[in-house]
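Please look over the sequence and the model shown below before reading on.

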Amino acid sequence: MADGDIVLGANQYGKAECRLVRVDRETPVHRVTDLTVTSQLRGDFAACHTEGDNSQVVATDTQKNTIYAYARDGIGAPEDFLIRLGRHFTDDFPWVTGGRWAAEQHAWDRIPVGGAPHDHAFARTGGEVRRTVVQLDGDDTHVVSGFTDCTVLKSTGSEFSGFPRDRYTTLAETDDRILATSVTAWWRYTSSDVDYDARYARVRDLMLETFASVHSLALQQTIYAMGQAVLEAFDDIGEVVLSCPNKHHFLVDLTPFDLDNPGEVFYAADRPYGLIEATVQREGAPTAPAAWATIAGFC
Ligand SMILES: O=c1[nH]c(=O)c2[nH]c(=O)[nH]c2[nH]1
């Protein structure tokens with residue numbers, strides 16, 4: 001027998017994954033911004049859920065249209081675009097107290113023609129996606145940015161040894177292995193006075209430089225170093241969260257063919273994979289669980 005009244009709990013709604021491409025064409029050298037944008041509103045929508053009263057429901061179709069209309073004025077950094085969008089909804093509809101706006105940015109590179117990058121022809125490269133999630137809650141603004149599916153590999157400079165051995169341990173210790181992963185990284189800004197485009201590029205590059213230059217004793221050590229480098233470089237980043245599959249590369253035994261294999265031929269396994277995740281943060285600094293609450297898949 002249930003006790004107590006049934007009431008509406010946390011809710012949000014909006015239009016998911018609006019595909020938006022904007023071409024900046026002020027000069028013959030065009031610029032393409034390719035985003036997938038999700039808008040979700042939070043606030044007082046109880047009457048709609050309990051009574052079907054839509055008088056406060058800003059239609060998801062309207063949210064979609066607003067995304068495209070706002071893009072007419074230019075997009076700029078996705079973080080800035082989402083903050084503008086969010087403020088529009090919270091300023092213009094008094095019962096909208098906040099929300100969540102997310103963007104994925106798909107990169108296009110100019111096609112080189114005759115050795116020069118083309119003005120208006122582009123190729124979609126790599127699987128890496130820049131992402132950002134902006135949440136407004138009353139006067140609070142949370143901006144969490146990052147990237148996913150950035151696949152990196154070191155062909156040496158990685159070892160793994162010293163781990164405990166029990167009756168189930170078969171893994172050999174190694175002082176030279178391939179280290180490969182697909183980096184998912186997110187970081188939380190603690191200031192809103194940020195050049196988000198420039199900062200994104202620097203954080204991403206710093207993470208990859210660290211991956212490349214740290215001699216790895218474990219993927220755990222590598223991802224900690226990546227987060228640490230970012231926090232040391234940028235005061236206005238509060239936390240870094242990394243999720244990295246260990247894409248195992250197993251040395252193939254070529255002895256049945258009377259061949260040696262001095263670290264040259266590998267079987268690239270796709271599963272299972274080690275999954276190494278960590279948050280790197282500043283000791284004693286406030287964390288912001290609400291900023292991370294809607295980013296899936298982290299410890
Ligand atoms: O960098 C690694 N970390 C681990 O925790 C681990 N476990 C394992 O089997 N291989 C590896 N590699």
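## Briefing

The residues of the shell around the ligand divide into 4 nonpolar, 2 polar and 1 charged, where Ala, Val, Leu, Ile, Met, Phe, Trp, Tyr, Cys and Pro count as nonpolar, Asp, Glu, Lys and Arg as charged, and the others, Gly among them, as polar. The model is predicted, so local features need a pLDDT of at least 70 and side-chain atom pairs count only at pLDDT 80 or more, while totals for chains, interfaces and linings use all residues. Residues are numbered from 1 along each chain as its sequence is written, and side-chain values use heavy atoms, with hydrogens and water left out.

**The protein as a whole**

- The secondary structure comes to 6 helices and 10 strands, taken as DSSP runs (H or I of at least four residues for helices, E of at least two for strands) and numbered from the N terminus.
- The C-alpha trace spans about 75 × 70 × 40 Å along its principal axes.
- Of the 299 residues of the protein, 41% count as buried; buried means under 20% relative accessible area, exposed over 50%, and partly exposed in between, with a 1.4 Å probe and protein chains only.
- Among contacts with a separation of 6 or more, 65% are accounted for by residues 24 or more positions apart, a contact being heavy atoms within 4.5 Å.
- The protein exposes about 16,700 Å², of which carbon and sulfur atoms supply 51%; accessible areas come from the Shrake-Rupley method with a 1.4 Å probe, and for residues only the protein chains shown count as cover.

**The ligand site**

- Phe160, Leu171, Arg177, Ala218, Leu219, Gln220 and Asn246 are the residues around the ligand, each having a heavy atom within 4 Å of it.
- A polar side-chain atom of Arg177 lies 2.8 Å from an oxygen atom of the ligand, and a polar backbone atom of Leu219 is 2.7 Å from an oxygen atom of the ligand.
- The side chain of Gln220 has an N or O atom 2.8 Å from a nitrogen atom of the ligand.
- Taken alone, the ligand exposes 290 Å², and the protein buries 71% of that.

- Helix α5 (residues 219-233) has 15 residues and should span 21 Å at 1.5 Å a residue, which agrees with the 21 Å between its end C-alpha atoms; the expected span is 1.5 Å times one less than the number of residues.
- Leu219, Thr222, Ile223, Ala225, Met226, Gly227, Ala229, Val230 and Leu231 are buried in α5, and the buried residues of this helix pack against β6 (179-189), α4 (196-213), β7 (237-246) and β10 (274-281).
- Helix α3 (residues 78-92) also has 15 residues, and the 21 Å from its first C-alpha to its last is close to the 21 Å expected.
- The buried residues of α3 include Phe81, Leu82, Ile83, Leu85, His88 and Phe89.

**Contacts across the chain**

- Ala278 lies in strand β10 and, leaving aside neighbours within four places in sequence, is in contact with Ile223, Val240, Val241 and Leu242.
- The C-alpha atoms of Ala278 and Leu242 are separated by 5.5 Å, although these residues are 36 residues apart along the chain.
- Glu128, in strand β4 (residues 116-137), makes a side-chain polar contact of 2.5 Å with the side chain of Arg204; within protein, a polar contact is a pair of N or O atoms within 3.5 Å, one able to donate a hydrogen and the other to accept it, and residues adjacent in sequence count only if both atoms are side-chain atoms.
- Not counting residues up to four places away in sequence, Glu128 touches Phe147, Thr148, Asp149, Cys150, Tyr200 and Arg204.

**Backbone details**

- Most residues other than glycine have a negative phi, and most peptide bonds are trans.
- The peptide bond from Arg271 to Pro272 is cis, with omega near -5°, and Pro272 sits in the loop between β9 (266-268) and β10.
- Glu17, in strand β1 (residues 13-24), has a positive phi near 60° and counts as exposed because its relative accessibility is 56%.
- Asp149, in strand β5 (residues 140-154), has a positive phi of about 60° and is partly exposed, with a relative accessible area of 39%.
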